[in-house]
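Open the model in your viewer and keep the selection tool at hand. The tour below goes from one selection to the next.

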Amino acid sequence: MEKFQKRFIDEANEYFESLESALLYLENDFSDTQRIDEIFRVMHSLKGSGAMFGFDLLSEVTHDLESLYEQVRSQEIQLNAKIISFTLGAVDQLKKLLVLNAGNEERQLVVELKRDVASLLENSPSSSTTSSSSSKNEVVENNEQETENGRSFFVFFQPNESILENGTNPLYLIDELSTLGESKIEVSFASLPDIEEFNPQKCFASWKVVVYTQEDLDTIQDVFLFVQDDSRIEIVELQHGNVLENQEKIARCFSISVDEVESLIGEDADQAENSEPIENQIQVSEPVKEKATEEPVTKANEEKRNQLVSGVRLDTIRVSSAKIDEYMNLVSELITAQSHLDLIAETQKEFEPVSEHFAKLIRQLRDNAFDMSLIPLTNMATRFRRLVRDLSADLNKKVNLVTEGLETEVDKTIIEQLGEPLLHIIRNSIDHGIEPIEQRLENGKVEEGTISIKACVVGTFVEIEIADDGAGIDLSRIKEKAIQKGFFNADDSISDSELIAVIFKPGFSTSETLSDISGRGVGMDIVRKRITDLRGDVEVDTTIGEGTKFTIRLPLSISIIDGLLTQVNDDLYIIPTGSIEKIYALTADQKKNALRQVVVFEDQEIPYLDLPMEFSTTPKEQKQQYMIVVRYDHKLFGLVVNEVFREHQAVVKPLDQMIGHHELFLGASIMGDGRVTLVIDVNKTIQKFSA
Amino acid sequence: MEEKRKKVIVLAEDSKSIREAVAFGLEEHGFEVYGAEDGKLASALFDGRKVDLLLTDYHMPNMNGLELIKHVRSDERYQYVPILVLTTENRKDLILETKRAGATGWVVKPFKVDKLLQTIHRIMR
């Protein structure tokens, strides 16, 4: 059960997300019936599943919300901004009710939410029609009043002779009836035919039951709901109290003929206090001769069916992300195994074609595995919208969110890690970037600020751009603050990009009073750390008075990379191909002539890092080395290595904390022959050594 | 001796957790359960396969329980398959609608798997 409760919690969180998404869309279009249906259905599911798994409070509130949206759906209530706002808030509260051991706080919350829903239902023009929630409460109350005082019913049940044919066993209905309370049952075979005409597949019995129960007439009728069209059923409420103790009355009930049942009521009229009008007490239903429901299978039906069947396409299946991880892991093991095979093929030529074939298939398999673990950024869009909506309302600003290219797909592990940083940047943009309405008007801007989020794929990277048309970052203020905080000396000459970099330093914040909004949780330093942990980087462009743009660049995937196998001193290193621009041969003379580690190639000055020197105190000297030019921060940068071998598909395994310097490496990769190579983190290496 | 064929149940329910919990409970009792997250997917499972019981939720996306029942009943091969509706409330109008469309019975959520099994045994004989 616990396992399923956990599953339900995951599922409920998905439901909350889809509720938010649908509500945010509805906010712009009250008439979107599809989304109204969706909200209704989700509330319904939450109610049903919540109750199944013991989340009773959640179920209770969603029951009321479902009623609300049922009325919206049937247009008894006109959807408006107030209802949507309320529901969005309620969804947040529902999250708090996703607990099994609810305390007083949660119970109080339920009371409040139910009261709020009730007031929305009351305010509707159709408030005269009782909402299903309140009517249910009434029923409950009635039951409570009567717990001390049950009722007695007389039931006559004569099923249609053919009842057995459609799989219904009348005995079970009698059983069910008797579980409602105490009962006495008499069966009659009065209509049993002669033995010659007897058909064992038909039912010739009828039953008389007197039942004393706390349940009401409706519940008794419900027992026979599915057979009432084809059966003769008569139900009479005899009196309050237990008739079963009255032998005389029981005898009378069992002796009268079916057509006389009404006389039982007459006898009781004086005894039954508060009795309902007679029409309510009897339910007589005559067997329906022709089954109107069973249409013959006509040609039209046949066609319709074919259409339906052909319209069914299993486009997507859901697979748990653990399975995808496992799959990725196996593919990566396969790549390692393949490189072993490759090595064998080098010496034993008859293996060569096989090895090549394997390599090709494994590459396809790898791409396929990649593809599966990619999910579109759209999955985060709802969170963005919600944030913009809530925050702009809180701050009394007008903000329009524009998105572009969110269908771009990114590795799911990246998406999981990316949510917080992105939200923080958006939070900052609304809080500090977009100006208050008056100020915008004063500055000749339109009242409504715009935040745009764009994503696109550039090579093996995905670029996400978050721009606002707000006030921009005041670099003079940053400078002041940075000097105050001791990041710079007052007389240093500081470039704009250096100032912008300060924003990402730990312990830096310009706002005098930490606002409730952006001053919470992660800071910009954490934003940068999260992004660099994902092997990405972030850039800021800002123009005072015009706005700020954050550009985040991330690799499409982080576990398997294409790399260039190189040698530095006696060790193998892999440099991710994605960041490589060019490779030059570099002679010892060129190095000697280089000033402050900058060489000129094709009229470009390229600073470089001499890895053999950096990685060893006794670097391997060679006449000719290679300089691998990588792109960093729109600039070119060279990494000098001793040898360049070939391209290599590297399965990156995380490094243990034990290894020093490990911040320079993305991880390790195992070669086919078992040798371990380190995968160089280009960005971090340059950051460290060029600083 | 030939092994007894497992009884096949198609379970249409959009709540994943309920689907898994019910499927788990029924499989433990020797049923073979095919789950579907909406009516449309469930209807695709009725492709000539021998089905011994359909359990269906009422409110589902794409094709709701009622439409599913109508669809299944429109196929001669499945005219006598018992159909149980899993519903959250005792809404008689809805229940009667499904009954008219061909449902055999209904079970009100929340239910214990034992209760469901009882009902299943009852209608499958």
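**Stop 1: a core residue**

Select Leu54(B); setting aside neighbours within four places in sequence, Leu54(B) is in contact with Val10(B), Val72(B), Val81(B) and Ile83(B). Keep in mind that this is a predicted model.

Leu54(B) is also one of the residues with the most contacts inside the largest nonpolar core, which has 71 residues. In soluble globular proteins, nonpolar side chains tend to be buried together.

Another core, of 32 residues, lies apart from the largest one; to find it, select Leu377(A), Val399(A), Ile425(A) and Val538(A), which are among its members.

**Stop 2: where the chains touch**

Show both chains: 27 residues of chain A are in contact with 33 residues of chain B. Which helix of chain A supplies the largest share of the side that touches chain B? Helix 2 of chain A does, with 8 residues. By class, the side of chain A has 12 nonpolar, 8 polar and 7 charged residues.

**Stop 3: two packed helices**

Select residues 56-73 (helix 3) and 81-96 (helix 4) of chain A, which pack at an angle of about 165 degrees with their axes 11 Å apart. The two helices are therefore roughly antiparallel to each other. Their crossing is left-handed. For the contact, show Leu58(A), Val61(A), Thr62(A) and Leu65(A) on helix 3, and Thr87(A), Ala90(A) and Leu94(A) on helix 4. This contact has 5 nonpolar, 2 polar and no charged residues.

Note on methods. Residues numbered from 1 in each chain as written. Chains lettered and ligands numbered in written order. Predicted model: local features only at pLDDT ≥ 70, side-chain atom pairs only at ≥ 80, totals over all residues. Axes fitted to C-alpha atoms, helices over the stretch in contact; angles between N-to-C directions. Helix = DSSP H or I, 4+ residues; strand = E, 2+ residues; numbered from the N terminus. Parallel < 35°, antiparallel > 145°, perpendicular 65-115°, else oblique. Left-handed = near helix turned anticlockwise from the far one by under 90°. Contact = placed C-beta atoms within 7 Å. Nonpolar A, V, L, I, M, F, W, Y, C, P; charged D, E, K, R; others polar. Core = buried A, V, L, I, M, F, W, Y, C linked by C-beta atoms within 7 Å. Buried ≥ 20, exposed ≤ 12 C-beta atoms within 10 Å, placed from the backbone.
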